[in-house]
Amino acid sequence: MTPSSPSTTLILVLAVFGASAVEMVEALTIVVAAGVSRGWRSALEGAAAAIAVLAVIVLVVGVPLIRYVPINALRVVVGALLLVLGLSWLRKAILRASGHKALHDEDAIFAETSAELGSAGGAGPSGRDAAAFAVAFKGVFLEGTEVVLIVISLGASQHRLGIAALAAGAALVVVTVVGAVVAKQLSNVPENSIKLGVGVMLTSFGLFWVGEGTGVRWPGGDVFIVALVALFAVVTYAGVRVMKSHPGPYAAPIAPVLPGEGVVS
Amino acid sequence: MRHIASWLRVLWNFWWDFLVGDTPELFVAAMLIVVVAIIVRPHSSVAVILLPLLAILALAASTYRGAKASRSRGSGGPK
């Protein structure tokens, strides 16, 4: 059975959009740092070149996968890949939410990248800054590789590569516009919450495709993905609650109670 | 030839970090889930319960391992 229900498509779009947005926030932080400290032209050229290379990878790898690889084999491999990725995102997000792992700090990444670029040499005779180009290219390419894997995996297994690529493109536009408007306030993006949601969806898709590819008949067909999303959402919520009852070393400190505050006599 | 070897090394490192990294237990769990799915596929009602359960157990075990490592780093490591 080829999943085609609106709910499955919606989850596919949300998963790709969320995953892309999370990865692109970090990429954009690096591009903004390169642009602010070395000049925008080379930084934007580096970012655009990386996006072009990633788009080519989606076409070169994704399209043959859909055309030539047997769908069930593809679903098992893609399902296992999504399962590893989804479980790993969920684990990381639960540990961050409960203070067992440091939250992703965009401000620190911005400061680190700016400092790194500040010590590099000046622009060349053509006015192009090789350091800014290289840093922006590397940042966008490395962060984008995970997005490409998610787009190809989810798109190929459902024969919806176009929709998956469009969702990733939409995330790119939204993050870029938001980034241009709020500039250095990217640290305000609730990255860990998005990561939790995407982790739930990737894990659900992964498990569903492993079952579907090996011949397991899920009750209700593709609608069962919604049940898996609900199940993993509940498990994740419970996991965060349990882990928060034993806070880790990165948990937010409890505000000190001032004299006379919060005391009811 | 050297370029190809270096490119292959980069590719191998990328996939190793991506799939295994510091959570080899999740990679093993995903492989186990595939094997279990193949074994129980004639009994879909069992698979429907067993596969999500295995994924939840893997997540719980890996998260517990991560929290334990984090606490031991927090209490014993340099501040």
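1. Two residues are taken to be in contact if their C-beta atoms, placed from the backbone, lie within 7 Å. On that basis, A:Ile11, A:Leu14, A:Ala15, A:Gly18, A:Ala19, A:Ala21, A:Val22 and A:Val25 of H1(A) meet a set of residues in H7(A), namely A:Glu191, A:Ile194, A:Lys195, A:Gly197, A:Val198, A:Met201, A:Leu202 and A:Phe205. Sorted by class, this contact of H1(A) with H7(A) has 12 nonpolar, 2 polar and 2 charged residues. Please keep in mind that the model is predicted.

2. On the geometry of that pair: H1(A) and helix H7 (residues 191-214) of chain A pack at an angle of about 140°, and their axes are 9 Å apart. The crossing of H1(A) past H7(A) is left-handed.

3. The overall content of chain A is 8 helices and 0 strands, so that, read from the N terminus, the elements run α-α-α-α-α-α-α-α. Chain A has 265 residues, of which 49% count as buried. Among its contacts with a separation of 6 or more, 88% come from residues 24 or more positions apart.

4. Does the length of H1(A) agree or disagree with its residue count? At 1.5 Å a residue, the 33 residues of this helix (residues 6-38) should span 48 Å, and the end C-alpha atoms are 46 Å apart, which agrees. Of these 33 residues, 26 are buried, so H1(A) is largely enclosed by the rest of the structure. Just after the helix, A:Gly39 has a positive phi of about 115°.

5. H2(A) passes the corresponding check: its 29 residues should span 42 Å at 1.5 Å a residue, and its end C-alpha atoms are 42 Å apart. Its buried residues include A:Ser42, A:Ala43, A:Gly46, A:Ala47 and A:Ala50, and A:Val58 and A:Gly62 are buried too.

6. How do H2(A) and H5(A) pack, and at what angle? Helix H2 (residues 40-68) of chain A meets H5(A) at an angle of about 25°, with the axes 8 Å apart. The two helices are therefore roughly parallel to each other, the limit for that term being under 35 degrees. H2(A) passes H5(A) in a right-handed crossing. By class, their contact has 24 nonpolar, 5 polar and 1 charged residues.

7. A:Val148 lies in helix H5 (residues 130-157) of chain A. It counts as buried because it has 22 C-beta neighbours inside 10 Å, where 20 or more are required. Leaving out residues up to four places away in sequence, A:Val148 touches A:Leu54, A:Ile57 and A:Val58. The C-alpha atoms of A:Val148 and A:Ile57 are separated by 7.7 Å, although the two residues are 91 residues apart along the chain.

8. Between the chains, 27 residues of chain B are in contact with 29 residues of chain A. Helix H2 (24-40) and helix H3 (44-76) of chain B each supply at least two residues of the side that touches chain A, and H3(B) gives the most, with 16 residues. By class, this side of chain B has 18 nonpolar, 7 polar and 2 charged residues.

Conventions:
Residues numbered from 1 in each chain as written. Chains lettered and ligands numbered in written order. Predicted model: local features only at pLDDT ≥ 70, side-chain atom pairs only at ≥ 80, totals over all residues. Helix = DSSP H or I, 4+ residues; strand = E, 2+ residues; numbered from the N terminus. Nonpolar A, V, L, I, M, F, W, Y, C, P; charged D, E, K, R; others polar. Expected span 1.5 Å × (residues − 1). Buried ≥ 20, exposed ≤ 12 C-beta atoms within 10 Å, placed from the backbone. Axes fitted to C-alpha atoms, helices over the stretch in contact; angles between N-to-C directions. Parallel < 35°, antiparallel > 145°, perpendicular 65-115°, else oblique. Left-handed = near helix turned anticlockwise from the far one by under 90°.
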